[in-house]
Amino acid sequence: MLADVSRALLDLLLPQRCVACGVPGEPFCGPCLTGLAAPARRLPEPRPAGLPDCWSAADYAGPVRRALIAYKERAQVALAAPLAEALAFTVAAAVSRGHPAAGAFVLVPVPSARRTRRARGHDPVGRLAARAARLLSAWGHPAEARAVLAPVRRVADQAGLDARRRAANLAGSLGVPGRTAPGLPVVLVDDLLTTGATLSEAARALRSAGSEVLLAATVAATRRRS
Ligand SMILES: [Zn+2]
């Protein structure tokens, strides 16, 4: 108890430090995350039916993992800047190397489950998509972010489900309300690729509303395979 109180006081008194290099200031400094970003095609095995081409900035491990958890679960919104830069860098790499004919496109964030967003008090992936679109446009890749996907029914907690059960749990859970599907090619964005079940469902919903899904980009991808 006393130790807990001491630790809480220390957290208040000591400045935050970068999880990667220890420099005081932000919990993950921009130069460190940019240095760790290694954009590449990372696909889950097995690959779910309908999963678009998937690119990610890094493996989900070490400092990148700690930064994503702090950003999502503890709402450390200062991390949006370096994480969005890593995401935008990944989309730029994917468009240049994997889809060189792509012109303008729309970044569509994968929505959080409603209760999750309410509990966390922020929209972590929507914020990353908006920032990444601004960066991409500044780098010469015309992009805008449009949050056109929405949950259309509740799903059970995905934790502990294998790839097949995740896919069944998510089937038909996302939709494009109000016929607002983008006419431009879509780049789906999310924070993390695990089994690919969520991105596969997001792609299905967009395609059934008439959109072309070019690829998916995430900040990180797990090495866990099931
Ligand atoms: Zn650092």
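Reader: How many helices and strands does the protein chain have?
Author: Eight helices and eight strands. Keep in mind that this is a predicted model.

Reader: And how much of the chain counts as buried?
Author: 41% of the 226 residues.

Reader: Let's do helices. At what angle do H4 and H6 pack?
Author: About 55°, with the axes 8 Å apart. H4 covers residues 80–97 and H6 covers residues 124–138.

Reader: What do you call that arrangement?
Author: Oblique. Angles from 65 to 115 degrees would be roughly perpendicular, and those under 35 roughly parallel. The H4 and H6 pair is therefore oblique.

Reader: Is the crossing of H4 and H6 left-handed or right-handed?
Author: H4 and H6 make a right-handed crossing.

Reader: Which residues meet there?
Author: From H4, Ala80, Leu83, Ala84, Glu85, Leu87, Ala88, Val91 and Ala92. From H6, they meet Arg127, Leu128, Arg131, Ala132, Leu135 and Leu136. By class, this contact of H4 with H6 has eleven nonpolar residues, three charged and no polar ones.

Reader: Switching to H8. Is it mostly covered or mostly open?
Author: Mostly covered. Ten of the twelve residues in H8 are buried.

Reader: Which ones are buried in H8?
Author: Ala197, Thr198, Leu199, Ser200, Glu201, Ala202, Ala203, Arg204, Ala205 and Leu206.

Reader: What do they pack against?
Author: Several strands and a helix. The strands are E2 (54–59), E3 (105–109), E6 (174–175), E7 (186–193) and E8 (213–221). The helix is H7 (163–170).

Reader: How does the span of H8 compare with what it should be?
Author: It agrees. H8 runs over residues 197–208, and at 1.5 Å a residue it should span 16 Å. Its end C-alpha atoms are 17 Å apart.

Reader: What comes just after H8?
Author: Gly210, with a positive phi of about 105°.

Reader: Back to H7. How do H7 and H8 cross?
Author: At roughly 35°, and their axes come within 9 Å. The crossing of H7 and H8 is right-handed.

Reader: Which residues make that contact?
Author: H7 gives Ala163, Arg166, Ala167 and Leu170. H8 gives Ala197, Thr198, Ser200 and Glu201. By class, the contact of H7 with H8 has four nonpolar, two polar and two charged residues.

Reader: New topic, the loops. Which peptide bond is cis?
Author: The one from Glu45 to Pro46, with omega near 5°.

Reader: Where is Pro46?
Author: In the loop between strand E1 (40–41) and E2.

Reader: Why does Pro46 count as partly exposed?
Author: Because it has 13 C-beta neighbours inside 10 Å. A residue with 12 or fewer would be exposed, and one with 20 or more would be buried.

Reader: How far is Pro46 from Arg164?
Author: In sequence, 118 residues. In space, Pro46 and Arg164 are 9.6 Å apart, C-alpha to C-alpha.

Reader: One more loop. What is the phi of Ala75?
Author: Positive, about 50°, although Ala75 is not a glycine. Ala75 is in the loop between helix H3 (62–73) and H4.

Reader: Is Ala75 buried or exposed?
Author: Exposed. Ala75 has 12 C-beta neighbours inside 10 Å, so it counts as exposed.

Technical notes
Residues are numbered from 1 along each chain as its sequence is written. This is a predicted model: local features need pLDDT of at least 70, side-chain atom pairs count only at pLDDT 80 or more; totals for chains, interfaces and linings use all residues. Axes are lines fitted to C-alpha atoms, for helices over the stretch in contact, and angles run from 0 to 180 degrees between N-to-C directions. Helices (H or I, at least four residues) and strands (E, at least two) are DSSP runs, numbered from the N terminus. Angles under 35 degrees count as roughly parallel, over 145 as roughly antiparallel, 65 to 115 as roughly perpendicular and the rest as oblique. A crossing is left-handed if the near helix is turned anticlockwise from the far one by less than a right angle, and right-handed if clockwise. Two residues are in contact if their C-beta atoms, placed from the backbone, lie within 7 Å. Ala, Val, Leu, Ile, Met, Phe, Trp, Tyr, Cys and Pro count as nonpolar, Asp, Glu, Lys and Arg as charged, and the others, Gly among them, as polar. The expected span of a helix is 1.5 Å times one less than its number of residues.
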